[in-house]
Amino acid sequence: MSLDWIYSAISWILLTWHSAWDAIGVPVGAVLGTNWAWILAIIFLVVTVRVILFPVFVKQIKSQRAMQALQPKVKELQEKHKGDRETLQKEMMELYRKEKANPLMGCLPMFLQIPVFLGLFHVLRRLDPEKKNKELYGWSVEQFDSASNAKIFTAPIAGKFGSTVDELARLQANGTTVKVIAGVLVLIMMLTTYLTSRQMILKTGWAEDPQQRMVQRLMLYGIPASLLISGAIFPIGVIIYWVTNNLFTLGQQQWVLRKFPPPVTTPTKAGGAIRGPVQPAKNSGLFGRKPAPQAPAKPTAPKVAGPKPGARPVNPKKNRPAKRQG
């Protein structure tokens, strides 16, 4: 199956935004070693995609709310089928089907962005000044040459941490500069990817369902760790797209979680003790900071019970031992 339509669509959005910034008056030449018209074109490619996917993001939030509401029932099934994993999985799938909840819905927006990411990766990888077919995917020769020479702090957006000597020579780039800029951006990409997952988990809590909890762990630790290796082959322009997308996600999630906070479910009894639902970490910040320890409360003096109504008064002197005479 040909993906040319994706490459053409990504190219069209990039070129449209670049033309818009050029018309507004953003300098074509480099300022502070950066061609801002092309950087802004990549940033607003993110904005365009996220606006298109906003309805999907709303469905993702609704699905997560539905999964939270089912946590007490999931807990009951786990207690009922403890030790029988196969039956437990069947019962939970039946529960999800009956309640129209999808545990994988939380990953849908990310999966829908994969074609955009692959399209941008392919388009930026083609930005080689020695390419013969420069007009592919709707580019003009002038636009292609402009993008292939575009830089961010003197590092070409088509360069990558793992660029070969020949690739750097064709891009007229300094290898050390490319590695420093790409390396810093990869670390920012890993950090923001981790924070987007952590932000959601801090607000909604860890899932009781083992399958959903495994997905949460993969999102929180697995994907950021994999970027340390895969980031070496990403063009710098793709890393800029990823970082911008993460920052957009952080802001969007914060707005949604404040406007539509997670629901509070009814506590359930398990093993004779009353256990409430998994609650978000309210006192922890985005970086997991713990609240300042509070001073221990001062012990209060025990209350002395007064005499009962109608009781005879007690003379404390009567029970004292007599003093010895000197």
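Visitor: How much space lies in the second largest cavity?
Guide: This is a predicted model, and in it about 30 Å³ of space lies in the second largest cavity.

Visitor: Which residues line the second largest cavity?
Guide: The lining of the second largest cavity is made by L14, W38, I42, L124, L127, W139, A147 and I157, and these divide into 8 nonpolar, no polar and no charged residues.

Visitor: And how many cavities does a search of the whole structure find?
Guide: The search finds 2 cavities of 30 Å³ or more, and the largest cavity holds about 40 Å³ of space.

Visitor: What lines the largest cavity?
Guide: H18, P27, V28, N35, W36, A37, W38 and S146 line the largest cavity, with α2 giving the most to that lining, namely 3 residues. By residue class, the lining of the largest cavity has 5 nonpolar, 3 polar and no charged residues.

Visitor: OK, pockets now. How much space lies in the second largest pocket?
Guide: About 200 Å³ of space lies in the second largest pocket, and its lining consists of W5, I6, A9, I10, I13, V49, I52, L53, L112, P115 and V116.

Visitor: Which helices each supply at least two residues of that lining?
Guide: Those are α1, α2 and α6, and the largest share of the lining of the second largest pocket, 5 residues, comes from α1.

Visitor: Let's look at α1, then. How far does it reach from its first C-alpha to its last?
Guide: Helix α1 has 21 residues and reaches 30 Å from end to end, close to the 30 Å expected at 1.5 Å a residue. Just after α1, G25 takes a positive phi of about 120°.

Visitor: Which residues of α1 are buried, and what covers them?
Guide: The buried residues of α1 are I6, Y7, I10, S11, I13, L14, L15, H18 and W21, and what covers them includes α2, α6 and α7 (141-148).

Visitor: What should the span of α6 be, and what is the distance between its end C-alpha atoms?
Guide: At 1.5 Å a residue, the 18 residues of helix α6 (residues 108-125) should span 26 Å, and the end C-alpha atoms are 26 Å apart, so the two values agree.

Visitor: What do the buried residues of α6 pack against?
Guide: They pack against α1 (4-24), α2 (36-52), α3 (54-69) and α11 (236-259). The buried residues of α6 are P109, Q113, V116, F117, G119, L120, F121, H122, V123 and L124.

Visitor: What does K160 touch?
Guide: Leaving aside residues up to four places away in sequence, K160 touches E167, V178, A182, A232, I233, F234 and P235.

Key
Residues are numbered from 1 along each chain as its sequence is written. This is a predicted model: local features need pLDDT of at least 70, side-chain atom pairs count only at pLDDT 80 or more; totals for chains, interfaces and linings use all residues. Side-chain values use heavy atoms; hydrogens and water are left out. Helices (H or I, at least four residues) and strands (E, at least two) are DSSP runs, numbered from the N terminus. The expected span of a helix is 1.5 Å times one less than its number of residues. Buried means under 20% relative accessible area, exposed over 50%, partly exposed in between (1.4 Å probe, protein chains only). Contact means heavy atoms within 4.5 Å. On a 1 Å grid over the protein atoms alone, a cavity is a set of points where a 1.4 Å probe fits but cannot get out, and a pocket is an open set with protein on both sides within 12 Å along at least five of seven lines; lining residues have an atom within 4 Å of a point. Grid points are joined across faces, edges and corners, and a volume is the space filled by probe spheres set on the points. Ala, Val, Leu, Ile, Met, Phe, Trp, Tyr, Cys and Pro count as nonpolar, Asp, Glu, Lys and Arg as charged, and the others, Gly among them, as polar.
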